[in-house]
Amino acid sequence: MARVTFALLLMMSSMASSLSTENILVKTNKVMQEIDDMFVGFTLDTYLLRVGWGQFNFSSPKALNLMKAMAPCYIRVGGSLAESLVFDPNAGPVTHVPPLGQPFKLTPTRWKELNDFIQHAGLKLIFAFNALLRNNDLWDPTNAELLMNYSSQKHYDIAGWELGNEPDLYVRNGRINVTGAMMGADFTELRQILDKSPYKASLLIGPDMTPLDGYRDPMMREFLSHGGASAVDVLTIHHYYFNGHTAHEGDFLSLWWLNKLASRMIHAVDLINDYHPVRPLWLGETSTAWSGGALHLSDAYAAGFLWLDKLGVCARYGIKGVLRQSLYGGNYGVLESSMDPNPDYWLTLLYKRLVGNKVFDVTSPSKFVRVYAHCTKMKNMYHYNPGSVTVYAMNVNNDSAVLRFPHMLGQGHLDVFWLTPQRGSLRAKVVELNGKAITYTNNVIPPLQPKTVTSGSVTIPSSFFRLHRGTKRRPRRLQVTEPGTSHWLKQEFDLVTVKGCAI
């Protein structure tokens with residue numbers, strides 16, 4: 001009998017004493033959507049080129065090893081400062097950081113550092129050209145062609161090219177107005193250049209607008225109807241939930257924000273499906289909070305709730321790629337300046353190891369229990385058989401819940417990957433897997449093995465529960481500790497596998 005993988009994210013929202021039972025049905029008889037192994041990727045912001053990559057060390061064995069574990073995936077280099085970047089093949093070492101808002105150079109040395117790292121880690125590079133190098137209303141492709149020719153001579157493998165970043169915000173940010181029709185013409189020009197270049201097989205990706213919310217729809221429609229739909233291989237929008245400067249812990253657990261994402265993704269997919277040829281839609285840049293993320297939250301355990309739910313929503317509603325802002329930098333990087341992994345690194349790694357391509361429908365009687373299901377990844381290090389299913393879930397209710405899988409009862413055991421924050425804090429930078437801290441030592445990624453339990457159901461507690469200050473009681477199997485007297489925050493992620501689901 002095939003083994004079935006459950007990946008459960010447990011999200012809890014307040015102290016509770018009641019307990020509900022939710023019967024969860026995974027409908028494996030029909031595939032809703034399909035994603036590929038490149039579904040999850042990362043970004044590096046162009047501002048890092050301005051400051052010489054900051055403290056990101058491309059020669060670090062740690063960084064290289066951590067990213068090899070994520071392969072295959074895309075790394076997108078882009079951002080607002082892409083509109084200030086100019087490639088100079090003759091530029092020497094940069095001796096100072098140019099003033100913000102002034103043009104700065106992409107040097108051969110920095111371009112080589114990036115491409116060597118991408119190649120050695122087994123990643124795929126996407127790079128954004130400067131869309132504001134213009135002659136009146138027309139984009140000037142001269143510098144883009146210079147970079148492509150140079151890269152071809154160096155045999156750099158570029159998986160995709162972009163043009164510009166968030167053009168719908170150009171005017172607001174004090175730049176020139178570029179209309180949707182102008183963007184369509186620009187991308188058509190770049191498409192023609194690519195088709196005649198050594199990079200004709202590379203993806204053309206864009207236009208990297210901010211979320212489609214009604215107000216921005218006309219610009220995207222104009223872009224698509226003026227050549228954009230035919231020019232690009234992949235359409236991209238960006239998504240953030242809130243402002244990092246004003247965000248608080250409650251935002252990271254908000255059902256309102258979670259639900260708003262689903263409605264926006266459905267709207268975006270419906271809009272682009274009105275135009276032919278229909279292109280896949282990606283979140284080409286996305287994280288919890290704009291303005292660099294929320295300090296001590298977007299790079300901490302708290303961020304995992306919005307992140308894993310976003311992966312589930314996007315896969316379920318037809319988004320074909322999600323590029324996380326960022327691999328490094330700001331307050332939302334999955335790697336620290338020391339190259340140590342933040343909590344979302346481990347969450348993403350487990351997602352990539354367990355979650356496969358086919359997406360199933362899941363029914364839950366409660367709107368507060370959010371559940372997503374996929375086939376388990378065919379090639380996985382846990383030796384789960386073909387026909388397995390991965391399910392991940394979150395409880396955002398005030399009450400604890402028992403997730404019961406009626407069609408799985410009596411058919412085996414569960415393998416649990418239970419991620420919890422060290423010391424029970426939303427702001428924890430260290431996570432524990434089944435009660436043991438995940439540590440990266442001696443340049444070795446730990447095995448991240450599951451815990452096996454025999455049960456037909458999973459108990460998801462509420463989010464704010466009590467325990468005695470200064471102590472941390474361990475759950476037995478999947479049961480959460482009894483509340484004590486002091487308020488502490490504790491959220492818990494579960495990644496679970498069970499036997500018995502036949503597809």
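Student: Where is N442 found?
Tutor: N442 is in the loop between β25 (436-437) and β26 (451-453). Helices (H or I, at least four residues) and strands (E, at least two) are DSSP runs here, numbered from the N terminus.

Student: What kind of model is this, and how are residues numbered?
Tutor: This is a predicted model, in which local features need pLDDT of at least 70 and side-chain atom pairs count only at pLDDT 80 or more, while totals for chains, interfaces and linings use all residues. Residues are numbered from 1 along each chain as its sequence is written, and side-chain values use heavy atoms, with hydrogens and water left out.

Student: Ok, back to N442. Buried or exposed?
Tutor: N442 counts as exposed because its relative accessibility is 74%. The cut-offs: buried is under 20% relative accessible area, exposed is over 50%, and partly exposed is in between (1.4 Å probe, protein chains only). Its backbone has a positive phi of about 55°, although N442 is not a glycine.

Student: And what's phi for W53?
Tutor: Near 70°, again a positive value in a residue other than glycine. W53 sits in the loop between α1 (47-50) and α2. W53 counts as buried, because its relative accessibility is 1%.

Student: Which peptide bonds are cis?
Tutor: A71 to P72 is one of them, with omega about 0°. P72 belongs to the loop between α2 (61-68) and β6. The bond from G206 to P207 is also cis, with omega near 10°, and P207 lies in strand β13.

Student: What about D208, where does that go?
Tutor: D208 is in strand β13 (residues 203-209). It counts as buried because its relative accessibility is 0%.

Student: Which residues does D208 touch?
Tutor: Leaving out residues up to four places away in sequence, D208 touches R76, E162, G164, N165, E166, P167, T236, H238 and G284. A contact means heavy atoms within 4.5 Å. As for T236, it is 28 residues from D208 along the chain, and their C-alpha atoms are separated by 4.8 Å.

Student: New topic: what volume does the largest pocket have?
Tutor: About 690 Å³. Points are joined across faces, edges and corners, and the volume is the space filled by probe spheres set on them.

Student: Why roll a probe at all?
Tutor: Because rolling a probe the size of a water molecule over the atoms shows where empty space is left.

Student: Which residues lie nearest the centre of that pocket?
Tutor: E166, Y240, E285, W290 and S291, out of 28 lining residues. E166 is also one of the contacts of D208.

Student: Which helix gives the most to the lining?
Tutor: Helix α7 (residues 255-272), with 3 residues.

Student: How does β9 pair up?
Tutor: β9 pairs in the parallel sense with strand β6 (residues 74-78) over 4 bridges, and with strand β12 (residues 158-163), also parallel, over 5 bridges. Pairing needs at least two DSSP bridges between the strands. Y74 stands opposite K124 in β9, while L125 stands opposite I158 in β12. Strand β9 (residues 124-129) has 5 of its 6 residues buried, so it is largely enclosed by the rest of the structure.

Student: How many residues of β23 are buried?
Tutor: Strand β23 (residues 414-421) has 8 of its 8 residues buried. L414, V416, W418 and T420 are on one side, with D415, F417, L419 and P421 on the other. β23 runs antiparallel to strand β24 (residues 431-433), joined by 3 bridges, and T420 has E432 as its bridge partner there.

Student: Last one: how many helices and strands does the protein have?
Tutor: 9 helices and 30 strands. Of its 503 residues, 59% count as buried.

Definitions and conventions:
1 Å grid on protein atoms, 1.4 Å probe; cavity = no way out; pocket = protein on both sides within 12 Å on 5 of 7 lines; lining within 4 Å.
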